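Hi,

Here is the structure I promised to pass on to you. Have a look at it first, and then read my notes below.

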Amino acid sequence: MVAPAQAQDLRTLNTNAYGTHGGLIDMPTAEMAPEGEITTTVSHGADATRTTVTFQATPRLSASFRYSGLTGLRQRTNKGLLRLFTTYYDRSFDLRFRFLDETANRPAVAVGFRDFVGTALYGSEYIVATKSIGEDLRLTGGIGWGRLGSHGAFGSTGSRPNTILGLGGVPTYDQWFRGDVSAFAGASYDLTDRLSFQLEYSSDGYDREVRDGLLDRESSLNVGVDYKIGEAFRLSAYSLYGDELGVSLSWTMNTKEPSVRGGYERAPLPVAVREEAAIADLGWTLEDGTRDTIRGRVAKTLAKEEIELHAFDLRARSARVAIRNPTYGMAPQAVGRTARVLTRTLPASVETLTIVQVVNGIPSSTITFARSDLEKLENAPARDILAAAEFRDGYTLGRDLPLQEDAFPRFYYSVGPYVKPGLFDPGEPLRADAGVRVKGDYQIAPGWVASGSVSLKLLGNLDETPGPRPGQAKAPQVRSNIGLYVGEEDPKIDRLTIANYAKPTRNTYSRVTAGYLESMYAGVSGELLWKPVDSSLAIGAEVNYVEPRDFDQLFDLRTRNTPGGQIPHVSGHLSAYYDLGNGFHTRVDAGRYLAGDWGATLALDREFANGWRVGVFATKTEISSDDFGEGSFDKGIRVTLPIAWGTGKPTTQKFSSTLRPVARDGGQRVHVNGRLYDTVRGTHRPEMAKTWGKFWR
Amino acid sequence: MNVRALLITGAVTAGLALAGCTNNPSRKATALTVGKQILQPGGKKDTSETYVQRVSREAATALENTDLPVGTVLLPARDTGAVLVRIETNGPYGTWGTGDRSSITMRDGMITATRGLGDDLMSSDIDGVLSLVAQKSEGTAERVQRFLDGENKIYEVRTRCRISVQGSATRGPTMVREACRGDDVAFENRYAVNTAGQIVESKQWINARNGHAVVKRLR
């Protein structure tokens, strides 16, 4: 059975030598991968080994990040000198957009940018059309600029500058679609389900490689073969320009295809329908101790569903039940299971059920159901019970509930291994530390959490990461000296804080965190968030007062003076968060960054309802490109993977990672655990509505 | 089972500090639990006896030990099956549970939902087809089945189903066939309907992962 309608027109999981989806070798096509696909390709050919991650963000839009190691390349420096690199590492970004889909009589047409930021070693733009002929044959033709216009040009559109903007890291907009234009073409043919062949005519002159003696361009024709090893793996081999042989291996997965749809978890308890006659019976309210018996039964039944009862208030006709959800990554499922437990445990006269979701000790939302709706709609589409549910701010109904005895204090610990990677240093692109980490969380009283993490490095080479080069620093060194922090091998205190979370008024949330906030800074961080329960917009403000920690990451602090200037005490931001819909989310922060630089950060994330997130962010502050150094301004990629997507078992656990091509001192923020937006958002209506189908699961 | 998804999570879990021990219920996924699942994706397999033998043996025990309605379900596509005991009713719907806490919800013997199988049927609209099948009448009606997609959003599988009666038995149940067809999907269900219009035995399509459910009502 084919699940939700999705155009599978001109889709492919094959990638080319640049790691972008397409059936050819060096040339692009208008093919796209299925939405949500993330493919990693390692290719080796001629002078370069490229590792590329390509993400199909929407059915028409794909983005790639590539890390290439080039050998034997001679680079012309600004002073006109030649430098010979043993291995030169280069980062590049691609974007492709298909603006026309294929029809019976028309090819699909896409526009693309290859290596469109920074040094643009592979810089090229193209417009390409692909048409399928029958099931197995796909023909491609296009025109290209830049490298793709460097052989057999038939015309030109102005001149293409070859200067680098800023200190790299800036979009090369001055080059786009300029200079010589050449045509390229190709064909791919699927011989079997696993085996396909490619033939292409390349418009890439490989000028630099030829000049540096790395490749003899004897032919414009490349041929290749692609073999699908399994659903996830593909292997390709191809000839390059009659001189070299290239190979590539790709590995692919889809954010929209979890290990099992809907999860493996056990069945929920069904709704228990009341008998008409029992509803009017209020006799139970007169008996002593009945409420405690019922409270105990609710707690026990919820525990079987792996949900924790936090607080409980039972009246003759209504009940308010506060829960903690340590289990279900999809909040509607926790609420749905709680609602069903309540239909089985509360006296029949109780008609109004209010479920309060408690996060960090504060009521982040309440959802009220009529019990008769739960009875009536158990077998109806989930949207019906969503329409009948009433979401309210936690301030209205969530406060002053009688707490369970075991609600506070609670202590959680965990001991486990950790791996901390350090990427993209030109001397050694992949470094890592590994060791053991102990974490503890002590929930002291409503809203009060003491939290700590200590790690002991067992092995690794992160300490070999070179620090800032002396005399180069133009701004206080707030991050670039991270290397000094990883040097010591003693146990390190990653963080040790006490935090208070509160709900000062309707629609607002607050946080104050004090202590050793992160590996490099100690201090106090205060945050206020405005986020109505049914709003897609949130506004936040954060102010931090910090002192740099000593390099050994124990209890000492160190001087704020650095070669680039004094690290200021105060940084802070105003933030706006907005769910754009269709799986996109944006965030803008404006304020003062760690080095005292004023500026703003723009972030855009592609969010999948199952918890996957892939996003980009960029920060521009008053620090000029020249003073910022390599990369010109701070930017990066971040990814969140929900563990339940892989295991099929419900869990709130996620793995998140942020990748910065270059970490410098401009546009940096202090890291604080428990920032408010992500902790409360999941319990609010817009977010819960996305996966409301899980309510009855 | 999407092995790709499981493998990456296994790698991530193993590599990134999720392993180890904890008392925190929200941090239970360890490298060990993920690893186990990679090695044993579908859960335990029956060994000495076939699942069909096991289910019939367990059904006999269940009939002795409970007064509740009892039945059996087999999922041949997944080489498994279970005894069903009706644990709850809600109007015309009955929810039947298994020993390992999966459940099937049926209306007069026609499956409307499953839980705990993975890729579960979340709800169904079967008014039209059920009334034709129960009355043993030929005709065509709509059927809607709802599932969760990979993002946990509901999608609907809409089909048009033709009900045909396979000869009218003078004694015993009548065989009724339901052939459904929709965009990208086609399946066939068979029902044995008794004189009271109840489905006593059936073979009903759920989806590609779970295949057909062979359901038999014993009491």
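**Second largest cavity**

Let's start in chain A: the second largest cavity is lined by Ala17(A), Asp26(A), Ser43(A), His44(A), Gly45(A), Ala46(A), Ala48(A), Arg50(A), Tyr206(A), Tyr238(A) and Leu240(A). Please keep in mind that this is a predicted model. The space inside this second largest cavity comes to about 60 Å³. Sorted by class, its lining holds 6 nonpolar, 3 polar and 2 charged residues.

Which strands supply at least two residues each of this lining? In chain A, they are strand E1 (37–45), strand E2 (48–56) and strand E14 (233–240). E1(A) contributes the most, with 3 residues.

**A closer look at Thr41(A)**

While you are looking at strand E1 of chain A, find Thr41(A), which sits in that strand. Is Thr41(A) buried or exposed? Its relative accessible area is 1%, and the cut-off for buried is under 20%, so Thr41(A) counts as buried. Its side chain makes a polar contact of 2.9 Å with the side chain of Thr15(A). If you skip the neighbours within four places in sequence, the residues in contact with Thr41(A) include Thr15(A), Asn16(A), Gly19(A) and Arg50(A). Ser248(A), Leu249(A) and Ser250(A) are also among them.

**The largest cavity**

Now zoom out. How many cavities of 30 Å³ or more does a search of the whole structure find? The search turns up 7. The largest has a volume of about 130 Å³. It is lined by 14 residues, and those closest to its centre are Arg340(A), Glu378(A), Thr95(B), Thr105(B) and Arg115(B). By class, the lining of the largest cavity is made up of 6 nonpolar, 5 polar and 3 charged residues. Three strands of chain B, namely E5 (103–107), E6 (110–115) and E7 (121–125), each supply at least two residues of that lining.

Arg261(A) lies in a loop of chain A, between strand E15 (244–254) and helix H2 (276–279). Arg261(A) is buried too, with a relative accessible area of 15%. Which side chain of chain B does Arg261(A) join in a polar contact? The partner is Tyr155(B), and the contact is 3.5 Å. Along the chain, Arg261(A) and Thr58(A) are 203 residues apart, and their C-alpha atoms are separated by 20 Å.

Definitions and conventions: Residues numbered from 1 in each chain as written. Chains lettered and ligands numbered in written order. Predicted model: local features only at pLDDT ≥ 70, side-chain atom pairs only at ≥ 80, totals over all residues. Heavy atoms only, no water. 1 Å grid on protein atoms, 1.4 Å probe; cavity = no way out; pocket = protein on both sides within 12 Å on 5 of 7 lines; lining within 4 Å. Points joined across faces, edges and corners; volume = space filled by probe spheres on them. Helix = DSSP H or I, 4+ residues; strand = E, 2+ residues; numbered from the N terminus. Nonpolar A, V, L, I, M, F, W, Y, C, P; charged D, E, K, R; others polar. Buried < 20%, exposed > 50% of the residue type's maximum accessible area, 1.4 Å probe, protein only. Polar contact = N/O pair within 3.5 Å; in protein donor to acceptor, adjacent residues only side chain to side chain. Contact = heavy atoms within 4.5 Å.
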